[in-house]
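Work through the exercises below with the model open. Try each task before reading its solution.

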Amino acid sequence: MTTFDIDWVRSQFPALAMKVNGYPAAFFDGPGGTQVPQRVIDAMGGCLVSSNANTHGAFVTSRRSDAVIAAAHAAMADLLGCDPEEIVFGPNMTTLTFALSRALGRDLEPGDEIVVTRLDHDANVSPWTALEEHGCLIRWVDIHPADCTLDMEDLRRKVTPRTRLVAVGYASNAVGTINDVGEVVRLAHEAGAAAYIDAVHYAPHGPIDVSRLDCDFLVCSPYKFFGPHSGVLYGKRERLLRLRPYKVRPATDSLPGRWETGTQNHEGMAGVTAAVEYLAELGRRHTPGALGQRGALLAAYDALRSYERRLLAQLVPALLEIPGLTFYGITEPGRFDQRVPTVAVRIAGRSPRELAAYLGERGIFTWDGNYYALNLSERLGVEPSGGMLRIGLVHYNTAEEVDRLLAALRALAPRG
Ligand SMILES: Cc1ncc(COP(=O)(O)O)c(C=O)c1O
């Protein structure tokens with residue numbers, strides 16, 4: 001195992017050379033979308049030059065399109081630990097989740113129940129609450145506001161024999177909490193329900209193994225893990241075959257095509273394959289003996305997770321020392337394995353928007369607001385006053401960037 005080669009990592013991402021008002025750009029906006037390696041840009045451009053045709057034709061560019069699509073399914077299968085036919089591409093996680101909820105709605109009966117949480121991004125809430133139209137009951141799982149963790153006792157109470165689906169996030173895109181999704185899946189299955197895991201925020205930070213998790217569905221968005229704008233749904237083969245998607249008649253009824261409505265974003269798929277290849281190369285550089293593509297990907301997560309953990313250990317205690325700062329989420333370094341390096345704060349006397357604008361002028365990119373984790377922002381009582389400031393670390397960030405951010409926030413803190 002070698003040390004984390006941050007110089008090599010940063011050399012892969014051309015956007016990291018950007019300057020704003022003379023300051024080097026510091027991208028702490030990863031939870032809203034990450035930057036992409038050069039190879040992703042090249043793969044997308046290359047696809048548009050040499051494979052720009054629709055599928056299943058009797059000529060070379062069409063055959064290449066088929067190959068681009070097959071490669072993208074194989075790449076995502078390597079990343080998630082499943083078969084390529086169990087991978088469904090779409091424009092983004094939200095659209096895929098609405099497609100799945102509409103299909104599920106066709107088979108629901110009045111009185112069936114769906115469990116959602118107050119920690120989740122609204123894309124794993126509204127597609128399910130929409131099913132109230134079918135007479136379905138929505139059960140809400142609360143959080144522990146003190147550390148923004150999911151109230152698992154409440155979840156146990158809310159899962160009943162009438163539950164058809166439990167929708168839970170792998171990690172919170174607002175406060176970084178990692179949920180015990182293995183236990184959520186177990187509880188769902190014990191009640192005869194399906195488990196739908198939103199891994200959008202977890203995927204840039206930790207390895208995913210859908211076979212081991214045994215979840216029925218899992219969604220993620222490649223643009224949050226160094227790829228282009230697109231969405232990916234994993235579904236267990238039997239679930240994807242049993243549910244009835246809305247589809248056009250000439251389109252295939254086999255997997256995964258029955259769920260991939262219309263012509264897909266082929267250049268985006270080429271970019272996704274390149275993003276997965278980037279991660280695999282990171283893994284191979286870190287652990288030269290890593291076995292196969294999946295082994296290399298797991299090695300990449302090993303490497304980036306311990307690097308991110310170091311940045312987090314630099315950031316969190318220093319934030320807690322800033323006068324007037326309120327921190328939302330897990331703060332104890334001994335519990336950092338229960339969170340990803342996404343933190344949310346407020347500073348007394350300043351709106352989150354003011355903070356983000358001040359930082360933005362200095363080339364430091366953060367988000368303010370609720371980032372669509374609307375129920376959480378409401379539950380924490382911060383929604384009426386602009387939500388929180390979100391600082392999202394990923395593995396291309398540096399200790400120097402964290403220092404710059406801390407210095408800028410200290411300058412905004414209330415004086416004695
Ligand atoms: C946790 C989480 N879930 C879902 C989404 C929605 O993803 P998409 O933009 O691919 O629809 C996001 C986007 O920010 C997210 O952070």
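The model is a predicted one.

**Exercise 1. Overall form**

Task: Decide what the radius of gyration says about the fold of the 416 residues.

Solution: 
- Start with the expectation. A compact globule with 416 residues would have a radius of gyration near 22 Å.
- Compare the chain. Its value is 21 Å, which agrees with the globule rule.
- The C-alpha trace spans about 70 × 50 × 35 Å along its principal axes.
- Count the elements. The chain holds 14 helices and 17 strands.

**Exercise 2. Burial, contacts and charge**

Task: Describe burial, contact range, surface and charge placement for the chain.

Solution: 
- Burial: 56% of the 416 residues count as buried, where buried means under 20% relative accessible area.
- Contacts: take those between residues at least 6 apart in sequence. Of these, 69% join residues at least 24 apart.
- Surface: the accessible area is about 16,500 Å², and carbon and sulfur atoms account for 53% of it.
- Charge: there are 42 positive and 48 negative charges, and their mean positions lie 2 Å apart.

**Exercise 3. Strand E5**

Task: Is strand E5 (residues 113-117) enclosed or open, and which residues lie on each side?

Solution: 
- Check burial. Five of the five residues are buried, so E5 is largely enclosed by the rest of the structure.
- Find one neighbour. Strand E6 (residues 137-141) pairs with E5 in the parallel sense over five bridges. Ile-114 has Ile-138 in E6 as its bridge partner.
- Find another. E5 and E9 run parallel and are joined by three bridges. Here Ile-114 stands opposite Leu-165.

**Exercise 4. Strand E10**

Solution: 
- Pick a bridge. Leu-165 has Ala-194 in E10 as its partner.
- Sort the directions. Ala-194, Tyr-196 and Asp-198 point one way, while Ala-195 and Ile-197 point the other way. All of these are buried.

Definitions and conventions:
Residues are numbered from 1 along each chain as its sequence is written. This is a predicted model: local features need pLDDT of at least 70, side-chain atom pairs count only at pLDDT 80 or more; totals for chains, interfaces and linings use all residues. Side-chain values use heavy atoms; hydrogens and water are left out. Helices (H or I, at least four residues) and strands (E, at least two) are DSSP runs, numbered from the N terminus. The radius of gyration is taken over C-alpha atoms; the globule rule is 2.2 Å times the number of residues to the power 0.38. Buried means under 20% relative accessible area, exposed over 50%, partly exposed in between (1.4 Å probe, protein chains only). Contact means heavy atoms within 4.5 Å. Accessible areas come from the Shrake-Rupley method with a 1.4 Å probe; for residues, only the protein chains shown count as cover. Lys and Arg count as positive and Asp and Glu as negative; His and the chain ends are not counted. The place of a charge is taken as NZ of Lys, CZ of Arg, CG of Asp or CD of Glu. Two strands pair if DSSP finds at least two bridges between them.
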